[in-house]
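Let's take a friendly walk through the inside of this protein model. Keep the structure open beside you as you read.

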Amino acid sequence: MSASEMAKAMSAARMGIPVCISTQSVTTVEEIRDGAPSASLWFQLYVWKNRDLSRSLLERVGKAGVTTLVVTADTLVVTADTPVGPKREYNQRNGFSIPIKPSGRLAWDVVTHPRWLCGVLLRYMVTTGMPTYGHYPQEFRSRVTRPSVAEDVRLENHLNWDDIRDLRRWWRGKLLIKGVLSLRDALKAKEVGADGVVVSAHGARNLDAAPAPIAVLPHIADVLGDKLEILADSGVVRGSDILKYIGSGATSVMVGRLPLWGLAAGGEAGAYALLTMLREEIDITLTMLGIRAPAETRTLATGR
């Protein structure tokens, strides 16, 4: 079990906000529910080539937490903007890849960080062995160092609107589509039954020519703001960035990797401290603007 993923869920629960669990997380959504029973869990789905396996995963997600009479994941977030692995030169320079490839540089990085070596890697090796993707079926569950992935659980690179229609039939809770960057796609998302969209450029890490979410968000919100939940993410590093998205029409903002930075620096306390910092920065910015609530930034931005 990954203490870090559990810690992230617990820090979000303390803050009173949802935490989104990925298909490719090391810790399963069932384990996170057991360890953080008060957390509001969302689930981020990367659709596999084998649709039956994806549907079985959704059934697991829906059923987990029944022992506590809490629905584990009431919101499904479908990532639609990663049909292929993007070219990330900074990962290549740093020697990072999935699967992880052993190298002299990587070995040196590990031994020169004894706290991480003892607190994370050795703990895995002693308890569960090399980490695996917890949500993958047992027969397809592979170590993060394994050079290949079975075809059935490769990420679908031809995801289409018929797939979204299928997911809408399978999933009874809320359904969000992440990676929308045009009004046309937002309208289509509404047509196929999505409850909302996440206007996102995947943190600008996938396609460097994609428009910035802040540039397309106002138009989407003007047309669909009263018909869909409009969320946004990408580029959030301060509380004021959250308010910029709210002012541009988002009802909520996903903060991406920020809690992971706090987690890496100080565990659960670090993740909670970073979320607290964001909330404090929001309060400071609202005070500077002379308004009481984040939603009022929309009035400032539009004059209505």
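Thr-297 is buried, at 6% relative accessible area; here buried means under 20% relative accessible area, exposed over 50% and partly exposed in between, with a 1.4 Å probe and protein chains only. The model is predicted, so to speak of local features a pLDDT of at least 70 is needed, side-chain atom pairs count only at pLDDT 80 or more, and totals for chains, interfaces and linings use all residues. Residues are numbered from 1 along each chain as its sequence is written, and side-chain values use heavy atoms, leaving out hydrogens and water.

You will find Thr-297 in helix α12 (residues 296-302); helices are DSSP runs of H or I with at least four residues, strands are E runs of at least two, and both are numbered from the N terminus. A polar atom of the Thr-297 side chain lies 3.2 Å from the backbone nitrogen of Gly-247.

| Residue | Place | Relative accessible area |

Ser-234 is not a glycine, yet has a positive phi of about 100°.

Now to the nonpolar core, a set of buried Ala, Val, Leu, Ile, Met, Phe, Trp, Tyr and Cys residues joined through side-chain atoms within 4.5 Å. The largest one has 60 residues, and Val-199, Ile-220 and Ile-230 have the most contacts inside it. Helix α11 (residues 258-289) gives the most to this core, six residues. A second, separate core of five residues includes Trp-42 and Met-254.

Technical notes: A polar contact is a pair of N or O atoms within 3.5 Å; within protein, one must be able to donate a hydrogen and the other to accept it, and residues adjacent in sequence count only if both atoms are side-chain atoms.
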